[in-house]
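Trainee: I have a model open and want to learn how to read its features. Can we go through them one at a time?

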Amino acid sequence: MISRRNFLKQAGGAAAAATFAGAVNGWASGTDRPNILWIYSDDHAQNAVSAYGGRLAQAAPTPNIDRIAREGMLFRNSFVTNSICGPCRAVVLTGLHSHLNGFRKNGDRFDGEQQTFPKLLRNSGYQTALFGKWHLESEPTGFDAWEILPGQGHYYNPDFITPDGRVREEGYVTDIITDKALGWLENDRNNEQPFMLMVQHKAPHREWEPSPRHHHLFDGVTIPEPDNLFDDYSGRGTAAHEQDMTIAKTMRLGPDLKVWSEEQKKGPEAKRTYGRMNESQRAAWDAAYDPENKAFIEANLEGDDLVRWKYQRYMKDYLKCIAAIDDNVGRLLDYLEKTGLDKNTVVFYSSDQSFYLGEHGWFDKRFIYEESLRTPLLARWPGLIPAGSEASQMAQNLDCAETFLDIAGLPVPDNMQGRSLVPLMRGESPADWRKSIYYHYYEGEGKVHNVYKHYGVRTERYKLAYFYTLDEWEFYDLQKDPNEMRSEYENPAYAEQVQALKTELARLREHYRVPEDDL
Ligand code: SGN
Ligand code: CA
């Protein structure tokens, strides 16, 4: 953990000197400390950010998000602690694993009385604001201004909870959240204070409803499939077999894939979509979906062909939602540039967690497997982060709170469990950087998507997971089997590595103070 003094020392390097000369002088009064802009989406897969490369980069580029990496840093190995929405948000706010911040599963209630980084920043003179998805049940604390979506929120004409009550806004949720953030920057920002602004999108969360302006974005395009779209889960344990998150079986033709009969369009299931649209939104929607749906119904697809069609529809809707996010990231970056705020604002882009885009035949998240263990993380900090740089060290959402405090030159409370990413942002390679991460998913079997509870450890090369209610272990060699198609837990050739990871897992559980009976 770096103290404020160390940070100042580190910030005094040649490249940073110019940027920080004013900042250092101003820190006593808090006026020139860097602003922080945190853009956070919901279920945005690392594989759907083109800066990360991957199979979708060409078909669905994200130029504005990529700009953050081009002018800043991409965290190549960025992970979460518990791959589900509310818990990830609680980890970001507190810098504590779920068992200590008390928010283990969606539906838990965040204790807003506890220490969070927005409160610490605000107490030190930052102006703090939050717009968009929150999903922590209790009302936000530690913000000068906030407007949040109720629960998951809606894509069309969304409601917002504000300190003064509920309001309904006309338009598309991703645009509106950005409008609110830009409005706050323009009208409510206090020039005498640095700011910390959290812009938290609902998109691209299920049920992936695109904006009218993107309905035809992928017409005539075929989205590449992952190699393991038709995974049969042999070589894995009970959890992979019994999950309920496949494109083949779980994904619903109506709500998820927008194939509704005229009768269904009026029914309760369609309420979340159609029930919220105005006439022109609905007309644009039907004009886009109805002809394709008609062709689909006539084709009467079955088996693998049906899965392939569903995959295309799913991916196109999902990627269209991301196109709107990318537009809106561009709007924020443009505003910063136009106002000159870009020079002293650290911009982050991340997502609560990643998502399966057909890998293993799945959508959703929850598992310790790579696609949902990872999350995108990009940062731009002119004068400190060398443009176009990349960090390969393991970063985790657990590090966010400490990173933000460090940027603000504040001391890090002893109880926080992450580590400031600022040294990595400066291009350093601390010798004592973590060699492993701890993961713990609590929501469990019987709940939506039926993913068994598990905890585990990942190192640079290996991964060990313990599905504790099943008493089943899985072990992967990520170098030889990057898609995690075969657990090597029983393979005697790996006995030594399995044992080493078991020891490491026990060490991490002790280090993070996970109670033995925390199930
Ligand atoms: C809803 C979704 C699930 C999703 C959870 C949690 N179903 O229940 O698919 O896993 O939210 O998502 S839906 O039919 O309502 O879309 S999370 O991002 O909030 O954790
Ligand atoms: Ca999420």
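Trainee: Which side chain meets R67 in a salt bridge?

Mentor: Look for a Lys or Arg nitrogen within 4 Å of an Asp or Glu carboxyl oxygen. This is a predicted model. In it, E337 and R67 form such a pair, at 3.3 Å from N to O. E337 sits in helix α11 (residues 303-339) and R67 in helix α3, so the bridge ties together parts that are 270 residues apart in sequence.

Trainee: Is E337 buried or partly exposed?

Mentor: Compare the relative accessibility with the cut-offs: buried is under 20%, exposed is over 50%. E337 has 37%, so E337 is partly exposed. R67 has 12% and counts as buried.

Trainee: How many salt bridges does the structure hold?

Mentor: There are 47. One of them pairs D42 with R89, with the closest N and O atoms 3.7 Å apart. D42 lies in the loop between β1 (35-41) and α3 (63-70), and R89 in helix α4 (residues 85-94), so this pair ties together parts 47 residues apart in sequence. D42 is buried at 0% relative accessibility. R89 is buried too, at 3%.

Trainee: Which residue does K180 bridge to?

Mentor: K180 pairs with E147, and their closest N and O atoms are 2.6 Å apart. K180 belongs to helix α7 (residues 173-188) and E147 to strand β4 (residues 145-148), so the bridge ties together parts 33 residues apart in sequence. K180 is buried at 13%. E147 counts as buried at 19%. Bridges can also share partners: D43, D364, K365, R366 and E443 are joined into one network that way.

Trainee: Which residues of α7 are buried?

Mentor: An α-helix has 3.6 residues a turn, so residues three or four places apart point the same way. In α7 the buried set includes V173, I177, K180, A181, W184 and L185. The cover over the buried residues of α7 includes β3 (127-132), β4, β5 (159-162), β7 (195-200) and α11.

Trainee: What does L182 contact beyond its neighbours within four places in sequence?

Mentor: L182 is in helix α7. Its contacts, with those neighbours set aside, are R331, L332 and Y335. L182 is buried at 14% relative accessible area. For a distance check, take G142: L182 and G142 are 40 residues apart in sequence and 20 Å apart in space, C-alpha to C-alpha.

Trainee: Which residues coordinate the calcium ion (ligand 2)?

Mentor: List the donor residues, then look at the sequence spacing. D42, D43, D352 and Q353 coordinate the calcium ion (ligand 2), at 2.1 to 2.9 Å. The donor residues are spaced D-D-x308-D-Q. Q353 is buried, with a relative accessible area of 0%. D42 is also buried, at 0%.

Trainee: What is the geometry of the site of the calcium ion (ligand 2)?

Mentor: Start from the ideal. Six octahedral donors have angles of 90 or 180 degrees. The calcium ion (ligand 2) has 6 donor atoms with angles of 49 to 172 degrees among them, and its site is irregular.

Note on methods. Residues numbered from 1 in each chain as written. Chains lettered and ligands numbered in written order. Predicted model: local features only at pLDDT ≥ 70, side-chain atom pairs only at ≥ 80, totals over all residues. Heavy atoms only, no water. Helix = DSSP H or I, 4+ residues; strand = E, 2+ residues; numbered from the N terminus. Buried < 20%, exposed > 50% of the residue type's maximum accessible area, 1.4 Å probe, protein only. Contact = heavy atoms within 4.5 Å. Donors = N, O, S within 2.8 Å, 3.2 Å for Na, K, Ca; no water. Tetrahedral: all angles 85-135°; square planar, octahedral: opposite > 155°, others 65-115°.
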